[in-house]
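Visitor: I have the sequence and the coordinates open. Can you take me through them, one question at a time?

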Amino acid sequence: MNLFWHKLDSGLRHLIPALVSFLMALLTVIAWPVPWLGTIMPPLSLIALYYWTCHRPDLFPIGVAFALGLLTDSLSGLPIGVSAFLFTLAHFVILRQRRFFAGHSFIVLWLGFALTTFILTLMQYLILFVLRGEATPLFPLFFQTILGALFFPLPCWIFIRLQRTALGAE
Amino acid sequence: MRRPSSYGWFPAVSALTWRTIPYRFSSAFFLILSLVLLVFARAQPVALSSFRTHVVDGLAPVLDAAMRPMAALEQGEISVQHLLSLKTDNQRLREENLHLGEIQNTAIALKKENNELRALLNFKVEPGLSYISARVIADTGGAYERGLIVTAGRTDGVHEGMAAMTGGGLIGRVVEVGDWSSRILLISDLNSRLPVVIAETGDRFILSGDNSPRPKLLFLPRDSSPIAGYHVVTSGHGGIFPPNLPVGLIQETDQGKPVVVPSADLGRITFVRLVDFDLKGGAFNPIAVRTHSESPKK
């Protein structure tokens with residue numbers, strides 16, 4: 001019986017990275033009581049994807065990144081597949097560079113995220129331009145990218161605490 | 001000497017290697033799958049919208065529950081603001097009350113005159129209205145979209161094309177409907193095009209969203225010169241919305257270009273009213289035809 005509870009506890013803990021990422025996707029679209037916040041909302045789900053791919057890729061496989069992208073597309077109103085493709089691609093690349101991103105200081109991790117979000121925003125802009133044939137205003141996009149990069153340490157700090165408390169014993 | 005393989009003509013691989021094959025190919029599988037989705041979204045954008053509405057429907061209760069503390073927080077903030085501005089508000093309301101008294105007298109006289117003229121012209125009155133009030137549970141803003149998700153869907157009588165309004169005026173229209181939730185495309189969205197008219201001059205043009213808070217004007221007549229402060233209302237062309245729904249006021253940008261400031265504060269919408277103008281029905285129907293709900297949905 002003890003073994004059953006132990007396995008259940010362990011299984012639930014292993015779901016934390018995926019569940020937290022899905023929660024971040026929901027928090028991104030919630031109607032916060034701050035006017036126009038939605039316009040410049042930092043990409044919380046991308047922050048979660050980046051962090052967990054760097055630190056616990058065993059609990060954040062590429063299928064979760066794909067599902068997170070689909071959820072983001074469904075909620076945000078973007079064409080289905082845009083975020084799914086970008087998140088899958090981001091996971092693929094980050095996983096191969098994780099030793100560099102996560103193996104040095106926090107500043108390197110932070111700069112890695114800034115670079116990732118910049119490249120993904122650029123790719124998203126181009127994909128949407130091709131799909132819609134119409135250019136999106138650049139200023140909010142630029143502002144959102146900068147804000148996302150600056151905002152990174154806060155959710156990151158929460159993820160670090162969560163990793164240490166819930167997944168630290170492993 | 002090399003040992004003969006136990007897998008027939010397959011090269012000899014260990015059980016561990018076999019187990020890692022799905023992991024090795026999962027990256028390629030999901031990358032290809034997402035690319036296929038992307039191409040499919042380009043070719044058949046409508047086909048995937050039902051997938052989207054199902055996902056949003058499924059998550060609507062979660063979003064709604066998450067919005068409760070936000071609503072309480074906002075209510076608290078509003079209460080504090082009201083308390084702080086109590087004295088000035090009181091003074092302003094007294095002055096407004098005097099002014100409104102004068103307007104009311106004028107309105108009564110105009111209404112009487114209007115009724116007489118309508119009777120004279122055998123005027124067909126606007127069709128009966130039905131409306132549904134709904135709470136906003138998600139602001140799908142971002143840098144690419146201007147939209148909202150609300151807690152009313154097909155089961156409440158919502159259908160595509162319904163007008164989304166607040167006390168200020170028109171804010172957008174329903175573009176996707178699930179069983180329990182709907183998505184609204186705001187008039188400021190890049191994909192929004194709305195036939196409108198300047199109330200004061202009668203000049204018609206298209207209000208085009210550009211993801212900024214102030215949509216721009218397209219197809220202005222050459223002799224038209226929109227003046228800041230003029231009212232913009234729906235023209236009724238296209239048959240989606242009836243004429244004369246308030247949309248906003250004209251304002252000039254720093255470059256002197258006319259833009260429209262929406263009457264409703266698009267950045268801060270908590271409740272919306274989804275209105276069915278029943279334009280297909282056409283005939284006069286003074287009583288709400290279908291759902292008629294005064295109170296916001298809980």
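Guide: We start with one residue of chain A. With 26 C-beta neighbours inside 10 Å, Phe60(A) counts as buried. Keep in mind that this is a predicted model.

Visitor: Where is Phe60(A) placed?
Guide: Look between two helices of chain A. Phe60(A) sits in the loop between α3 (44-55) and α4.

Visitor: How many Å apart in space are Phe60(A) and His14(A), C-alpha to C-alpha?
Guide: In sequence, 46 residues separate Phe60(A) from His14(A). In space, their C-alpha atoms are apart by 9.0 Å.

Visitor: Does the span of α7(A) agree with its residues, or disagree, and what is the span between its end C-alpha atoms?
Guide: Take 1.5 Å a residue. The 14 residues of α7(A) should then span 20 Å. The two values agree, because the end C-alpha atoms of α7(A) are apart by 20 Å.

Visitor: How are the buried residues of α7(A) arranged around the axis, and what arc do they cover?
Guide: The buried residues in α7(A) are Gln144(A), Thr145(A), Gly148(A) and Ala149(A). They lie on the same side of α7(A), because around the axis they cover an arc of only 130 degrees.

Visitor: Which residues are exposed on the other side of α7(A)?
Guide: The buried residues of α7(A) have a cover that includes α6 of chain A. On the other side of α7(A), the exposed residues are Phe139(A) and Leu150(A).

Visitor: Which element gives the most to the side of chain A that touches chain B?
Guide: The contact joins 39 residues of chain A and 44 residues of chain B. On chain A, the elements giving two or more residues are α2 (16-29), α4 (62-76), α5 (82-103), α6 (106-132) and α7 (138-151). The most, eight residues, comes from α4(A).

Visitor: By class, what does the side of chain A that touches chain B have?
Guide: Sort that side by residue class. It has 27 nonpolar and 11 polar residues. The charged count there is one.

Visitor: How many helices and strands does chain B have?
Guide: Chain B has 298 residues, and buried residues make up 31% of them. Among its contacts between residues at least 6 apart in sequence, 60% join residues at least 24 apart. The count for chain B is three helices and 12 strands.

Visitor: Where does α2(B) bend, and by about how many degrees?
Guide: A straight helix of 36 residues would span 52 Å at 1.5 Å a residue. Helix α2 (residues 49-84) of chain B spans only 46 Å between its end C-alpha atoms. A proline, Pro61(B), follows the bend within four residues. The bend is at Leu59(B), by about 45 degrees.

Visitor: What do the buried residues of α2(B) pack against?
Guide: Buried residues in α2(B) include Arg52(B), Val56(B), Leu59(B), Asp64(B) and Met67(B). In chain B, the partners are β1 (130-139), β2 (147-150), β4 (170-177) and β5 (182-186). In chain A, the partners are α2 and α4.

Visitor: How many Å separate the centres of domain 1 and domain 2 of chain B?
Guide: Chain B is divided into domain 1 (49-121) and domain 2 (130-276). Their contact takes 12 residues from domain 1 and 13 residues from domain 2. On the domain 1 side, five are nonpolar, three polar and four charged. Taken over C-alpha atoms, the separation of the centres is 16 Å.

Visitor: Is Asn211(B) buried or exposed?
Guide: Asn211(B) has a positive phi of about 70 degrees, although it is not a glycine. Asn211(B) is found in the loop between β7 (204-208) and β8 (216-218) of chain B. With 23 other C-beta atoms within 10 Å, against a cut-off of 20 or more, Asn211(B) is buried.

Visitor: And how far apart in space are Val36(B) and Asn244(B)?
Guide: Val36(B) is in helix α1 (residues 15-43) of chain B. Asn244(B) is in the loop between β9 (231-234) and β10 (246-252) of chain B. They are 208 residues apart in sequence, and C-alpha to C-alpha the distance is 45 Å.

Technical notes: Residues are numbered from 1 along each chain as its sequence is written. Chains are lettered from A and ligands numbered from 1 in the order in which they are written. This is a predicted model: local features need pLDDT of at least 70, side-chain atom pairs count only at pLDDT 80 or more; totals for chains, interfaces and linings use all residues. Two residues are in contact if their C-beta atoms, placed from the backbone, lie within 7 Å. Ala, Val, Leu, Ile, Met, Phe, Trp, Tyr, Cys and Pro count as nonpolar, Asp, Glu, Lys and Arg as charged, and the others, Gly among them, as polar. A residue is buried if 20 or more other C-beta atoms lie within 10 Å of its own, exposed if 12 or fewer, and partly exposed in between; C-beta atoms are placed from the backbone. Domain bounds come from an automatic or database domain assignment. The expected span of a helix is 1.5 Å times one less than its number of residues. The arc is that of the directions from the helix axis to the C-beta atoms. The bend at a residue is the angle between axes fitted to the seven residues ending there and the seven starting there.
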